[in-house]
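Take a look at the model below. Keep it in view while you read this short report.

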Amino acid sequence: MTSIPPYQIVPLAPQHERAGFSCNDENLDNYLKKNISSDVKRNACSAHVLTETGKNEVLGFYTLSPETITFENAPEEIYRMYRKNRIGVVLLGRYAIHSSLQGKGIGKMMLMKIYSDVYKSKNIISSAGIIVDAKTESAKSFWKSREFVKISQDSQESEKFLLPMKYIEKLFNKPAGS
Ligand SMILES: CC(C)(COP(=O)(O)OP(=O)(O)OC[C@H]1O[C@@H](n2cnc3c(N)ncnc32)[C@H](O)[C@@H]1OP(=O)(O)O)[C@@H](O)C(=O)NCCC(=O)NCCS
């Protein structure tokens, strides 16, 4: 369990109240209310929620799952690192903060928890970094602002972005092999 007083980030559990969640993105709201539990049950992803410490109302959530991708359409710097082989990454599939809390730095704190968990897990199963599949202009501009690099444009709406593990390692001051 991670505490960001007065908040905590914990695995999604049956007691968590999801009905009142709204982040101004209907697809994400509906996913949390209707689909997330079945995805967790069939091990398609892990899901974490942000609540006030000791409370159950969901104020933020995210999902993580393993994914493999190729880097054929990535920028030269990234392509040179991974070339055409399929490479393992962590997919940050969904990520949202309740609209009443947006713009207060909570999303940034939730990201730090994700970076820390991905960094710790690399000693067991490593990956090239974290990818996101951004489908709205707002999401695209958010991931760019977090230094994610665009690696492919799958359709007009959908663009994939990568935060390389090297960036995460720098945050925790330990480059690979050191
Ligand atoms: C994206 C989201 C999770 C950010 O959470 P938040 O708590 O509002 O973010 P924070 O207050 O921690 O802000 C983090 C930083 O990102 C910036 N930011 C926030 N939303 C942004 C956007 N749409 N575009 C560009 N930058 C953005 C903030 O200005 C802040 O910058 P700073 O580091 O210079 O202070 C939240 O706005 C949200 O849930 N949006 C709807 C769902 C969504 O788009 N999810 C992402 C795609 S799955």
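Which residues does Leu 28 touch, not counting residues up to four places away in sequence? Leu 28 touches Cys 23, Arg 94 and Ala 96. Two residues are in contact if their C-beta atoms, placed from the backbone, lie within 7 Å.

**Ground rules**

This is a predicted model, in which local features need pLDDT of at least 70 and side-chain atom pairs count only at pLDDT 80 or more, while totals for chains, interfaces and linings use all residues. Residues are numbered from 1 along each chain as its sequence is written.

The score pLDDT is the predictor's confidence in each residue, from 0 to 100. The protein chain averages 92. Of its residues, 94% score at least 70. Helices (H or I, at least four residues) and strands (E, at least two) are DSSP runs, numbered from the N terminus. Among these elements, strand E1 (residues 2-4) has the lowest mean pLDDT, 56. Strand E3 (residues 46-52) has the highest, 98.

A residue is buried if 20 or more other C-beta atoms lie within 10 Å of its own, exposed if 12 or fewer, and partly exposed in between.

Start with Leu 28 again. Leu 28 sits in helix H1. Leu 28 is buried, because 20 other C-beta atoms lie within 10 Å. Leu 28 and Ala 96 are 68 residues apart in sequence, yet their C-alpha atoms are 7.4 Å apart in space.

Tyr 62 belongs to strand E4. Tyr 62 counts as buried because it has 23 C-beta neighbours inside 10 Å. Leaving out residues up to four places away in sequence, Tyr 62 touches His 48, Leu 92, Arg 94, Tyr 95, Met 110 and Ile 114.

Ile 151 lies in strand E7. Ile 151 also has 23 C-beta neighbours inside 10 Å, so it counts as buried. Beyond its neighbours within four places in sequence, Ile 151 is in contact with residues including Phe 71, Ile 78 and Phe 161.

How far apart are partners along the chain and in space? The table gives one pair for each of these residues.

| Pair | Apart in sequence | C-alpha to C-alpha |
|---|---|---|
| Leu 28 and Ala 96 | 68 residues | 7.4 Å |
| Tyr 62 and Ile 9 | 53 residues | 9.9 Å |
| Ile 151 and Asn 123 | 28 residues | 25 Å |

**The nonpolar core**

A nonpolar core is a set of buried Ala, Val, Leu, Ile, Met, Phe, Trp, Tyr and Cys residues joined through C-beta atoms within 7 Å. The largest one here has 37 residues. Phe 61, Leu 92, Ile 130, Phe 161 and Leu 162 have the most contacts inside it. Helix H1 (26-41), E3, strand E4 (60-69), E5, H3, strand E6 (129-134), strand E8 (159-164) and helix H5 (165-171) each give two or more residues to this core. E5 supplies the largest share, six residues. In soluble globular proteins, nonpolar side chains tend to be buried together.

Now zoom in on Leu 92. Not counting residues up to four places away in sequence, Leu 92 touches Tyr 62, Leu 64, Ile 114, Ile 130 and Val 132.

**How strands pair**

Two strands pair if DSSP finds at least two bridges between them. Strand E2 (residues 7-11) and E3 run antiparallel, joined by five bridges. Here Pro 11 has His 48 in E3 as its bridge partner. E3 also pairs with E4 in the antiparallel sense, over five bridges. Val 49 stands opposite Phe 61 in E4.

Most residues other than glycine have a negative phi. Asn 43 is not a glycine, but its phi is positive, about 60°. Asn 43 lies in the loop between H1 and E3. Asn 43 is exposed, because 8 other C-beta atoms lie within 10 Å.

Glu 147 also has a positive phi, near 70°. Glu 147 lies in the loop between H4 and strand E7 (149-153). Glu 147 is exposed, because 10 other C-beta atoms lie within 10 Å.

**Around the ligand**

A residue is near a molecule if its C-beta atom, placed from the backbone, lies within 6 Å of it. Of the 21 residues around the ligand, Gln 102, Gly 107, Lys 108, Ala 139 and Ser 141 come nearest. Helix H4 (137-145) gives the most to this shell, with five residues.
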